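Me: Hi! I'm new to this one, could you walk me through a few parts of it?

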Amino acid sequence: LQVEQDAEGRPIPKDDPRRKPTFRFDQGDIYWARAMIAFQRAAMNLGMAYQIPDFDAFNRLQRNSVLTIRMVDKARVHAARDLILAGLAHADRSRELYLAETDDQGEWFPNPKQVNHPMPLPVDQALYDTWAGVLGDLQKLLRGEEGISVVEAAQLCDHQWADPPTGFINVAKLLAEPGDVTLNLRNLEAVDRNRSKADVERVLTDIFGDKYVPKMKPTGMLARFARMKSELERGEDSFERKLRYLLWVN
């Protein structure tokens, strides 16, 4: 649990005191921690809500090409949804408190005006603006106000579709009305082989059922990801740095 690299990615010598910094926690850090714990609890509830297939199930998959992941505890999915919403609220509160800070000493997560932060993750106002936007996007997804556009998601991949698959994933309905998840090996192989619109839409129907819908208001989150992808392609930032920010900010 030491800081092994500086802001430029250079290794910090083992005898350098920067490897074992001292942090001074503020109110914003408490909400940051509450958010992190809420998201971890949500992930555990989702994992326990479904029955993980055993080896016999995978052996049967070779014969009948269909694998079903059973939903065994709907209440845990609902609990996960509530925990995610709570975590988003905590994260938004931590963001507000960080921006209001006027001290500058051993910061766990700095605001754009603070420079005394032992972690090599310099931030600016653009990062805080993106953070606020993503939190808002996720809240709208969980409330059912917006959905994930399959067209936008497909075009984020390296393969650019001339005729991309359509429809939306209703995340709110996934968590409000959870059910079994079906994986059809033949349909998945068809996608890998043909990369056709019809094959992808068939797989989405297999997995999401009636949560894969024809119309919804699209989330703005995928546009933010597209912008990040463009920045990476232009060499303005590295994937590793963006991933570190994503994990650190929840």
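Me: Which residue is the bridge partner of Ser 149 in β4?
Reply: Phe 168 is the partner of Ser 149 there. Keep in mind that this is a predicted model.

Me: How many bridges join β3 and β4, and in which sense do they pair?
Reply: There are 2 bridges between β3 and strand β4 (residues 168–169), and the pairing is antiparallel.

Me: What order do the strands of the sheet come in?
Reply: The order is β3-β4-β6, with 3 strands making an open, antiparallel sheet. β3 (148–149) and β6 (212–213) are at the edges with a single partner strand each, so one side of each has no neighbour in the sheet.

Me: Switching to helices, which residues of α8 are buried?
Reply: Asp 199, Val 200, Glu 201, Val 203 and Leu 204 are buried in α8. They pack against α5 (150–156), β4, α7 (185–194) and β6.

Me: And what follows α8?
Reply: Gly 209 does, and its phi is positive, near 60°.

Me: How do the axes of α4 and α9 cross?
Reply: Helix α4 (residues 125–143) and helix α9 (residues 221–233) have axes that come within 9 Å and cross at roughly 145°.

Me: Which residues meet there?
Reply: From α4, Thr 130, Gly 133, Val 134, Asp 137, Leu 138 and Leu 141 meet Met 221, Arg 224 and Arg 227 of α9. The residues of this α4 and α9 contact split into 4 nonpolar, 2 polar and 3 charged.

Methods. Residues are numbered from 1 along each chain as its sequence is written. This is a predicted model: local features need pLDDT of at least 70, side-chain atom pairs count only at pLDDT 80 or more; totals for chains, interfaces and linings use all residues. Side-chain values use heavy atoms; hydrogens and water are left out. Axes are lines fitted to C-alpha atoms, for helices over the stretch in contact, and angles run from 0 to 180 degrees between N-to-C directions. Helices (H or I, at least four residues) and strands (E, at least two) are DSSP runs, numbered from the N terminus. Contact means heavy atoms within 4.5 Å. Ala, Val, Leu, Ile, Met, Phe, Trp, Tyr, Cys and Pro count as nonpolar, Asp, Glu, Lys and Arg as charged, and the others, Gly among them, as polar. Two strands pair if DSSP finds at least two bridges between them. Buried means under 20% relative accessible area, exposed over 50%, partly exposed in between (1.4 Å probe, protein chains only).
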